[in-house]
Each structure stands twice: as C-alpha cells, then as structure tokens.
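Keep the structure open beside you as you read.

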Amino acid sequence: MTMNPSILGYDGRLSSDVRVQLTDLLAAIALANLGKRTDLRKLCSIAIELLDNAQRHCTGDTIHFSWRIVGSDVVVSVQNRAQGQDALRLKAQVDSVLAMTNDEITEAFKAQMMNPEFGEKGGAGLGILQIVKKGGKNYEVELEPTDNHNEYLCKSHVKTSLVA
C-alpha cells in the first residue's frame with residue numbers, strides 16, 4: 001500500500017473485507033486532504049463502484065487501484081483481468097452512457113432501478129450510470145488482450161473535478 005497526502009494505492013487481492021478497508025481508508029484520506037465537503041461521499045462512491053466492478057469481474061489474483069488528487073481533479077483508476085464478454089460489455093456500456101445527455105442518464109438510471117434482471121455478476125450497468133451521474137463524465141476504459149484465451153486486462157480511469 002502506498003500513501004502520501006494525495007494518493008492511495010493498492011495492489012493485491014480484492015475481497016469484500018479488503019474493499020471495506022480501502023473504502024474506510026479512502027474516506028479518511030479524502031477528509032484529511034479535502035476537508036469537510038458536501039461531495040466527499042460522491043467522490044468516494046466513484047472509487048467504490050469501480051472496486052465493486054473489479055471484484056465482481058476479476059479473473060486474476062490481483063487488482064491495481066489508485067485514488068489520487070491531481071490539481072483540481074480526483075483521478076480513480078482500477079486495473080484487473082476479466083473474461084472477454086465482461087470486458088467488452090464494460091467498454092460498450094461506458095461508451096454508451098458517455099454518449100447520453102443528463103436527462104437520458106436519469107431515465108436510464110430509473111429504468112435500471114426497475115430492472116429485475118440483475119445477475120450474480122451485475123450486468124445491468126447501474127454502477128456505470130451512478131459514476132457518470134456523480135460527475136465521472138471523464139470515464140475511460142482501456143482493454144488489452146492477455147495471453148489467456150478470451151481474457152482482457154481492463155483499465156478503468158475516472159477523473160472528476162473538485163471544483164463545483
């Protein structure tokens with residue numbers, strides 16, 4: 001684990017316990033470095049959604065996670081291995097949501113909340129909608145094929161402004 005006043009990094013296995021500990025540490029670091037802001041929960045929730053997706057779809061032993069303050073932005077990055085169909089669906093869903101207007105995002109969010117088709121691996125795209133709704137409009141997904149058949153290295157980066 002790496003720490004300085006503006007960076008939290010983790011490379012390792014991701015379990016529910018680790019995710020909870022990272023979330024608690026992230027909240028403490030955000031409060032210490034950004035002060036009492038009304039949007040701290042929103043900023044931390046972007047990281048939580050990315051970690052949740054990584055845990056749900058990770059096929060390898062480890063993930064790489066970072067949360068850092070860069071100027072007037074928070075940049076959250078997660079990297080993990082995922083099955084081909086999960087990786088391609090993530091990329092397609094992010095691209096689709098980023099092409100929507102704010103009203104379309106709100107309507108899609110409402111529709112997904114009513115969607116009974118949530119599976120064990122999610123797949124409804126609700127987390128992606130939440131990230132973009134909460135200011136993660138600069139959301140990028142890079143996919144790189146791995147040596148394993150039908151597996152990709154997924155690199156997700158979300159940058160959101162600290163300025164209202």
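Two strands count as paired when DSSP finds at least two bridges between them. With that in hand, Gly9 has Ser66 in β3 as its bridge partner. Please keep in mind that this is a predicted model.

**Overall build**

- The chain contains five helices and six strands.
- Read from the N terminus, the order of elements is β-β-α-α-β-β-α-α-α-β-β.
- The radius of gyration of the chain is 15 Å, and a compact globule of 164 residues would have a value near 15 Å, so the two agree.
- Along the principal axes, the C-alpha atoms fill a box of roughly 40 × 40 × 25 Å.
- Buried residues make up 42% of the 164 in the chain.
- The chain has an accessible surface of about 9000 Å², and carbon and sulfur atoms account for 51% of that.

**Strands β2, β3 and β4**

- Strand β2 (residues 7–12) runs antiparallel to strand β3 (residues 63–70), and six bridges join them.
- On pairing with strand β4 (residues 73–83), β3 is again antiparallel, this time over seven bridges.
- Two residues sit between the strands in the hairpin of β3 and β4, where Gly71 takes a positive phi near 60°.
- Phe65 stands opposite Val78 in β4.
- Leaving aside residues up to four places away in sequence, Phe65 touches Leu8, Gly9, Tyr10, Asp11, Ala47, Leu51, Val76, Ser77 and Val78.

**The nonpolar core**

- In soluble globular proteins, nonpolar side chains tend to be buried together.
- Here the largest nonpolar core has 38 residues, and those touching the most other members are Leu34, Phe65, Trp67, Val76 and Tyr139.
- Helix α2 (residues 40–57) contributes the most to this core, giving eight residues.

**Helix α5, a mostly covered helix**

- Which residues of α5 are buried? They are Leu126, Gly127, Ile128, Leu129, Gln130, Ile131 and Val132.
- That makes seven of the eight residues in helix α5 (residues 126–133), so the helix is mostly covered.
- The cover over these buried residues includes α2, α3 (84–98), α4 (102–113), β5 and β6.
- Just after α5, Gly135 takes a positive phi of about 105°.

- Ser6 lies in the loop between β1 (2–4) and β2.
- Its relative accessible area is 23%, so Ser6 is partly exposed.
- Not counting residues up to four places away in sequence, Ser6 touches Asn33, Trp67, Arg68 and Ile69.
- Asn33 belongs to helix α1 (residues 16–34), and its relative accessibility of 33% makes Asn33 partly exposed.
- Asn33 and Ser6 are 27 residues apart in sequence, with 6.9 Å between their C-alpha atoms.
- Leu34 is 28 residues from Ser6 along the chain, and their C-alpha atoms are separated by 9.3 Å.

- Most residues other than glycine have a negative phi.
- Asn150 is not a glycine, yet it has a positive phi of about 60°.
- Where does Asn150 sit? Its place is the loop between β5 (138–145) and β6 (151–161).
- The relative accessible area of Asn150 is 43%, so this residue is partly exposed.

**Cysteines**

- How many disulfides does the count give? A disulfide needs a pair of cysteine sulfur atoms within 2.5 Å, and by this rule the count comes to zero.
- For Cys154, the closest cysteine sulfur belongs to Cys58 at 9.1 Å, which is too far for a bond.
- Cys154 is buried, because its relative accessible area is 2%.
- Cys44 also counts as buried, at 8% relative accessibility.

Technical notes: Residues numbered from 1 in each chain as written. Predicted model: local features only at pLDDT ≥ 70, side-chain atom pairs only at ≥ 80, totals over all residues. Heavy atoms only, no water. Buried < 20%, exposed > 50% of the residue type's maximum accessible area, 1.4 Å probe, protein only. Core = buried A, V, L, I, M, F, W, Y, C linked by side-chain atoms within 4.5 Å. Helix = DSSP H or I, 4+ residues; strand = E, 2+ residues; numbered from the N terminus. Contact = heavy atoms within 4.5 Å. Rg over C-alpha atoms; globule rule 2.2 N^0.38 Å. Areas by Shrake-Rupley, 256 points an atom, 1.4 Å probe, with all protein chains shown as cover.
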